[in-house]
Amino acid sequence: MNGFLQFFNRLGLARLAAMAVVAVLTLGFFAFLIMRASSPSLSPLYTGLSLEDSSAIVSELQTQNVPYELRGEGDTILVPRDQITQLRMTLAENGLPTRGQVGYEIFDQQSTLGATSFVQNINNVRALEGELARTISSLTRIKSARVHLVLPERALFSREQKDPTASIVLSVRGELSAGEIRAIQHLTAAAIEGLTPSRVSVVDDTGR
């Protein structure tokens with residue numbers, strides 16, 4: 001016992017402190033390696049998300065108890081690499097992310113100065129499609145919706161006018177009743193001038 005005390009006395013406080021620091025750093029390094037080895041490897045699930053999409057996806061990940069990490073300003077979400085494919089499929093079934101649905105905000109994101117009438121018409125159709133898709137997707141039985149509109153322009157000096165048409169592809173929970181389908185047709189027709197419910201086609205993701 002006296003030998004140990006003499007040994008430590010010869011080392012001095014400075015050397016003992018240095019040895020203690022080295023020991024703590026070594027233990028911390030090995031603890032870090034163990035944690036890295038045991039934690040899942042994270043990869044980007046989505047990047048460039050809007051705040052609304054990011055919030056909705058994080059809420060879904062929390063519900064499923066999936067570990068995640070936010071990067072940037074919250075527009076990038078990282079999840080375990082081996083779960084990415086399954087998570088994307090699950091989120092897509094819930095209509096997430098919604099970034100493919102551009103609504104009237106397209107006119108805020110793009111300058112109309114110098115835009116041709118053709119570009120403005122295209123943007124108007126995209127905005128209508130996006131807003132209708134969002135409205136339809138908000139219905140209880142609908143997981144997600146895509147709306148395609150055909151809005152013919154009347155030719156100059158022409159008396160003939162082609163009627164507009166709409167096609168809607170739905171991902172649904174269960175099966176829609178005939179009444180629910182008619183409601184979607186009337187909702188769509190009411191939003192487009194000259195469109196009648198009979199010219200609105202509705203199919204689900206199984207082709208029914």
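Arg134 forms a salt bridge with Glu131 in this predicted model, with 3.4 Å between the closest N and O atoms; a salt bridge here is a side-chain nitrogen of Lys or Arg within 4 Å of a carboxyl oxygen of Asp or Glu. Both residues belong to helix α5 and are 3 residues apart, about one turn of the helix. Helices (H or I, at least four residues) and strands (E, at least two) are DSSP runs, numbered from the N terminus. Arg134 has a relative accessible area of 31% and is therefore partly exposed; Glu131, at 22%, also counts as partly exposed. Buried means under 20% relative accessible area, exposed over 50%, and partly exposed in between (1.4 Å probe, protein chains only). Because the model is predicted, local features need pLDDT of at least 70 and side-chain atom pairs count only at pLDDT 80 or more, whereas totals for chains, interfaces and linings use all residues. Residues are numbered from 1 along each chain as its sequence is written, and side-chain values use heavy atoms, with hydrogens and water left out.

The structure holds 3 salt bridges. Side chains of opposite charge can pair when their charged atoms come close. Glu180 forms one with Arg141, the closest N and O atoms being 3.4 Å apart. This pair links distant parts of the chain, as Glu180 is in helix α6 and Arg141 in the loop between α5 and β4, 39 residues apart. Glu180 has 26% relative accessibility and so counts as partly exposed, and Arg141 is placed in that class at 29%. A salt bridge also joins the side chains of Arg71 and Glu69, at 2.8 Å from N to O. Arg71 is partly exposed at 41% relative accessibility, and Glu69 is partly exposed at 30%.

An open sheet of 3 strands has the order β4-β5-β6, with mixed pairing. Two strands pair if DSSP finds at least two bridges between them. β4 and β6 each have a single partner strand and stand at the edges, so one side of each is left without a neighbour in the sheet. On average, neighbouring strands of this sheet are turned by 15° against each other, direction ignored. Axes are lines fitted to C-alpha atoms, for helices over the stretch in contact, and angles run from 0 to 180 degrees between N-to-C directions. β4 pairs with β5 in the antiparallel sense over 8 bridges, and Ser144 has Ser171 in β5 as its bridge partner. β5 and β6 run parallel and are joined by 5 bridges; Val203 in β6 is the bridge partner of Val169. Between these two strands the chain passes through α6, and this β-α-β crossover is right-handed (with the strands pointing away from the viewer, the path from the first strand over the helix to the second runs clockwise). Helix α6 lies across β4, β5 and β6, running at about 135° to β6. The covered face of β6 consists of Val200, Val202 and Asp204, and the uncovered face of Ser201 and Val203.

A nonpolar core is a set of buried Ala, Val, Leu, Ile, Met, Phe, Trp, Tyr and Cys residues joined through side-chain atoms within 4.5 Å. The largest has 20 residues, of which Ile136, Ile142, Val147, Leu149, Ile168, Leu170 and Ile184 touch the most other members. Two or more residues each come from α5 (117-137), β4 (142-150), β5 (165-172), α6 (178-191) and β6 (200-204). The most come from α5, which gives 5 residues. Ile142 touches Ile136, Ser137, Leu170, Ser171, Val172, Arg173, Leu176 and Ile184, not counting residues up to four places away in sequence; contact means heavy atoms within 4.5 Å. A second, separate core of 13 residues includes Leu45, Tyr46, Val79 and Leu87.

Another open sheet of 3 strands has the order β1-β3-β2 and antiparallel pairing. Its edges are β1 (42-46) and β2 (69-71), each with a single partner strand, so one side of each has no neighbour in the sheet. Neighbouring strands here are turned by 40° against each other on average, direction ignored. β1 and β3 (residues 76-80) run antiparallel and are joined by 4 bridges, with Ser43 opposite Val79 in β3. Helix α2 (residues 51-63) lies across β1, β2 and β3, at about 20° to β3. Helix α3 (residues 84-93) lies across β1 and β3, at about 20° to β1.
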